[in-house]
Structures are given as structure tokens and as C-alpha cells.
Amino acid sequence: MPEEPPETGKMSDRPRFYLTTPIYYVNDEPHIGHTYTTVVADAVARYRRAVGYDVRFLTGTDEHGQKIERAARAQGIRPIELADRVVHRYHELWRALSISHDDFIRTTDPRHRLAVEKLIRRMKSAGDVYLGAYEGMYCSGCEAFYPESQIRDGRCPDQGHPVERVAEESYFFRLSRYQEPLLEHYRRNPAFVRPASRFNEVRAFVESGLRDLSISRTSLDWGIPYPDAPGHVVYVWVDALTNYVSALGYGEDPEGAPFRYWPAQVHLVGKDILRFHAVYWPAFLLSAGLPLPECVYGHGWWLKDEAKMSKSLGNVVRPGPLLRDFGPDALRYFLLREMTFGLDGTYSDEQFLDRYNGDLANDLGNLLSRVVTLIEGGLSGAIPAQPDAPEARELEPAAADAHAAWRAAFDAYDFSGALAAAWRLVGETNRFLVRHAPWALASDPSRAETHRAVLWGASEALLQAAAMASPAMPRAAEEIASRLGSPLPRDLSAFRWGLLTTGGRVAKRAPLFPRIDKAAYFKESRAVDDSKPIQPAAPEPKPAPPEGVALLTIDEFMKVDLRVARVVSCERVEGAEKLLKLRVDLGTEERQIVAGIAKAYAPEALVGKRIVVVANLKPAKLRGVESQGMLLAADLGGRPIVATFEEDVPPGTRVR
Ligand code: MSP
């Protein structure tokens, strides 16, 4: 059963819905695993807004700790510089994906530091903090200690990262005190952790006994100074978890003041960080006298080749190429539709293309083109008032059923189910058109009313389906509505038949989701990892004209995709004295480019420069190192001079 539609009325009367994503580490660029939680959160936020909630949606970045400090050191920059760089990538990605967050928290924000200090002081005044000494096996990959019994071959049990022995003075949080209160909370709130199978794991972990938790470090500087304890910084997980309240002003509010939107309705997290959210975080909150979140949802992982994606395995799928070739809505749709929320899912280009061609290009895209063409041809492009003939209502029961199923599925975090409901209506509408064949009715004046009713009914059903798809595919839904000459309905709390605007004019435009030729696509390349960006399916290259004769047409020249790129890092290629390997930012993605300019340029001299790159060149290997493009340089008697810009042009800008 869908949840009761909330009462409408003044802003403050609307029920609140505060939801969060994890905050992402800034040691690496985002991949589709990171993209996933944020896309899910965005769909939930959009859905809740559409059914009448006062939504607060938070995401952000986790910038302190050993992991970040080390990654920055490896690149020869300060941690904050690394953080600024990667945060910028997250902002770009979220914009490209139409993410509608209300706030973005960085753990280096001053407001966050105030909140962390306040939380620690509260835990201390509750008598839950003491000074002790810690010796144990620390995994900087997970930023967590593990019992020695769980270490195999010097690696952590959860992720297989290398661990090291750490011994230091540390403040401890009396987690052991919270075993019973946590179990009691779990008993009283059977939906506190979802899905249920994960709740059982969490419960079993707490039942097996909780040890006090080390919450400060003396071995690193890159963190929030521990209050009143020089030399100590706050343990990165205490720091990170506090983001959920610091973004709401917890640190800035006077002691004891209630703060808006807390507690959260849901923290969306991956299963690997469930324990931090379902055990440690509630214990900190209980200690600090704050209410607990309603639910922590631990989703599964995106796997590639049966393994979790990781840079070391080389199986990372980045969103950049998928976004470039298919657009944000196709990627969002795939992520939400393909994975059963809560379980693991596997990424493959094959599946992506099947979903794209089947659900988007065929089912939805063709329905839209068909309806628009039929109305243009048969009704001079104008949407009529709802006709009286029964065909105008024929799809109403299917739409009402779809709407009810869609709401129930969204309420239950079953995104695949919600989209399946919308697509059932798309399927029904396609069949409805085949059944009534309006192209035949058009030529029979005695059936004009039926003809109008069929076209009106199909358009109305399509608009209903677009509205249901809108939390997942906001831009495509807007576009469908606009092509049907109607605004996209905003209030989806109750089903209503008759969303179309009478007199609206349909607009015929290029296919919304052009079909991709799978064979050509696979012949060219594929989307899967960061070293192989997708190339759009291209025709066979023509043989090159003889030297000296060829004049290019403008169309030929425009086939060369020249782009502004910012050099992010640059290094020599070992064993190749002429080559430099550059990482460049192309606006939507990063690429690796190998260039024969090492004799003319020191690597560091290029970092930060804006250069021109041929972005659609087939990847090639130079001395065994892959180059995904080519930079432009003047050839001054064999000395290369790299083309740069005097003005600050954004990466990704086309050069022509
Ligand atoms: N910084 C911590 C979270 C602190 S929250 C207070 C962290 N960051 S992370 O960048 O490593 O991961 C962020 C999220 O991405 C986690 O929820 C993690 O589960 C998710 N994913 C990382 N790889 C993933 C997949 N391959 N598939 C799905 N989600 C995965 O942990």
C-alpha cells in the first residue's frame, strides 16, 4: 500500500523527509558505484517532493584522514588541494546528472568542525570518553582497526587492503556501554536497518559484544583537532558521520536548540559502511542525547566481472563516457532499473545497451515519436480537449494501476519495480495504438471522434508514464511533456486522469533516445573502464586521399573533436625518454594522453595548463602505455611547442 498522501497546505505543514548519501572520499575520482547512491538518493528526493514532502537532500565529501593525506602526498600536493580538485569533479558530475541536492557538506567546512567539537564535548559530558592507549592492526583503506584474528596475509578482512600495526595514545568512546541500548532500539524499530537480511548481520555483530572505540589519532595531522587535546586529531569516522548533523547547523545552534530536519528519515549507504551507520553512529547519537535516524538502508555493490570495482583490479566503470554517449537520463535509468535495491548488481556494456535500446529507444522513444507524428498529421499538431468517445478513457484503469504500483514501489525503495510499473503503461499504450490503428481511422470522417479519442488517450497515457519516470529521468520527462505541449505535472500524490493541456501543440524533434547499433558499437570500443572511453558508432573510415591534394570540407574538419583540456598531472614514461604521460581533465571525464614532448617540457611545467586535445582519436599504445587522445603542438624544427590559451577557458570547451 502506498503511504497516505500527506496533507497539502503551508510549507511547514508538510511532513519532512531528510535523506543523505554517504560523503565520498576525495582520494579518487567518482565511479558508477559512487554515482549509484547519489542517483538513488536523487530519485527518492524527487519522488518525495512530488508526493508532497518537505525534502532536505544532503550529499558531500569526506576529506580528512590518512587515506587522503597519503593520496595527496603521492601526487606532491597538499591534502586540501587534492580535496578541492576532487570536490570540483563531484560538483561537475552531480550537475551533469541533474542531482537536486539541497546542500553539499565538506568535512573541511568550518560549520562541520564546530559540529564535531560539539558532539565530542557532549559525549564527554555523558561520561563516555576516556584517555587510553591503543595498539592494533589499522587499515588506512577502510580507516578502521581490525582484530588481529581477522587479518590474513597482512590484509584486512573486508576489502583486502594492506594493514599495519599502530600503537598510540588515544581517546576512547565507551561503545561497550551501548550494546544493550542499541539492541533495545533494534527491537523497537524493526525497520531501522534495511534490507532485513542486513539487519540480522548488524544485530549479530552487536550481540557478539562491542569493544570501546578509539576516536582520536596522534599519528596524523590531517584531521579536525581533537578538542582540548593538543596533538590529537578526531578519528575520521567520528568526523565523517557527524556530517549528517553539521549540515543542519548542529554546531552553530545554541546548546540544546532543536534543529530542523533532524532526525533523518533515511541514510542511504553501501553495505560496506553499514556497520558505521547502524552501530557506531546511533551509539554516538544516544550518547550525545540526539534522536536516531529512522532508517539506514544498506544497498549492494555494482560488480564488474564478478568483483567489486577497484582501481587495482582495473575494472572501474566511470560515468564520464556513459554520460557523454548516452546522456544523464539513460545512465540514471539503467542504474535504477537494472539493480534490485539492496542486492549486488553486475555492470556490463551489453546490458546497458540492451536496456537503452529496448526500454528507452524502442518502448518509450518510439511511442513518443509515434504519438507526436500522429497528432501532427491527424490533428494539425494540436492536443484536443478530452473527447467523449470511450477510447479516451480506455487506458485510464491501466494508468491508475501503474500509478498505485509506482507509489507502493517507491515507498518500499523498489526503484526497479517503480520503473517497471511506468513501463507497463508504456507497453499498454503501444498495444493500444496497434489495436486502434489511428493511422487508418484518420481517413474515415465518420470515425473522427474515435480517432481524436485514441490520439488523446495515447498522449495522456504517455504523459502519465513520463511523470512516473520523472524522479528517475527528470530531463527526459520534461522533454516528453514539452513535446506533448503540456507542463510536466509536479504533484503526483494522487492519480488524476486528464493531465494534458487542451490546445497544447506537439513538437517534433530528433529522437529522444536514438538507437545504438550494438555491433558497430562493440566493434569500435566499449564503455567499461577508464582506460577505454566509448567512441560513438562511426562509419568505416574512407581511404586517405593522396598527400598534398586534399582540401577539407567544413564537415570533414568538424569530425575532429578538438577540446580544451586542463592538465591535472604529468609524469615521465619510464624507459621512454621522449614521452610524457599526462592526465587531462576534459570537463566530463579524465583521460590519459601520451605525448612525445619530454625533451622540451619538464612534467611539472605543464600541470594546470589548458591545452587542446583531439578527443575522438582512437586510443593507441605508445611504448605499451595507452594514449586516449592527442595534444596539439607547433612543430618548430622538431621542437614541440604545446598550444595553450591565454584565458581561463573551461575544460571540455570545443575548439574549432
Ligand atoms: N567516506 C566514506 C563514507 C563516509 S559516510 C559518513 C566512504 N566513502 S567512499 O567514497 O569510499 O564510498 C562511498 C559510497 O560509495 C559507499 O556507500 C560505498 O558503498 C559506495 N560504493 C563504492 N563502491 C561501490 C560499488 N562498486 N557499488 C556500489 N556502491 C559502492 O566509504
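Here are my entries, starting with the ground rules.

**Ground rules.** This is a predicted model, so I kept to its limits: local features need pLDDT of at least 70, side-chain atom pairs count only at pLDDT 80 or more, and totals for chains, interfaces and linings use all residues. Residues are numbered from 1 along each chain as its sequence is written, and side-chain values use heavy atoms, with hydrogens and water left out.

**Overall size.** I looked up the chain as a whole first. The protein chain has 656 residues, for which a compact globule would have a radius of gyration near 26 Å; the chain has 28 Å, which agrees. That radius is taken over C-alpha atoms, and the globule rule is 2.2 Å times the number of residues to the power 0.38. Along the principal axes, the C-alpha atoms fill a box of roughly 90 × 75 × 45 Å.

**Helices and strands.** I found 20 helices and 25 strands in the protein chain. Both are DSSP runs numbered from the N terminus: helices are H or I with at least four residues, strands are E with at least two.

Which order do the six strands of the open parallel sheet take? I read it as 3-2-1-11-12-7. Two strands count as paired if DSSP finds at least two bridges between them. Strand 3 (103-106) and strand 7 (193-194) stand at the edges with a single partner strand each, so one side of each is left without a neighbour in the sheet. I then followed strand 11 (residues 266-270), which runs parallel to strand 12 (residues 296-299) and is joined to it by four bridges. G270 has H299 of strand 12 as its bridge partner.

Helix 9 (residues 274-288) lies across strand 7, strand 11 and strand 12, and runs at about 140° to strand 11. For that angle, axes are lines fitted to C-alpha atoms, for helices over the stretch in contact, and angles run from 0 to 180 degrees between N-to-C directions. Contact means heavy atoms within 4.5 Å.

Strand 4 (residues 129-139) pairs with strand 6 over ten bridges, and Y138 stands opposite E164 in strand 6. Strand 6 (residues 164-173) is joined to strand 8 by two bridges. There, F172 has S214 as its bridge partner, while F173 stands opposite L213.

What is the volume of the second largest pocket? I got about 840 Å³. A pocket is an open set of points on a 1 Å grid over the protein atoms alone, with protein on both sides within 12 Å along at least five of seven lines; lining residues have an atom within 4 Å of a point. Points are joined across faces, edges and corners, and a volume is the space filled by probe spheres set on them.

There are 31 lining residues, and the closest to the centre are F145, Y146, F205, R275 and Y280. Helix 9 turns up again here, giving the most to the lining with five residues. Strand 5 (144-146), helix 6 (196-207) and strand 8 (213-214) are also among the elements that each supply at least two. By class, I noted 17 nonpolar, five polar and nine charged residues. Ala, Val, Leu, Ile, Met, Phe, Trp, Tyr, Cys and Pro count as nonpolar, Asp, Glu, Lys and Arg as charged, and the others, Gly among them, as polar.

**A cavity.** I counted one cavity of 30 Å³ or more, a cavity being a set of points where a 1.4 Å probe fits but cannot get out. The largest cavity holds about 30 Å³ of space. Its lining is Y18, R56, F57, L58, D103, A247 and L248, and strand 2 (residues 54-62) gives the largest share, three residues.

I looked up two cis peptide bonds. R194 and P195 are joined by one with omega about -5°, and P195 is in the loop between strand 7 and helix 6. The bond from W262 to P263 is cis too, with omega near 0°.
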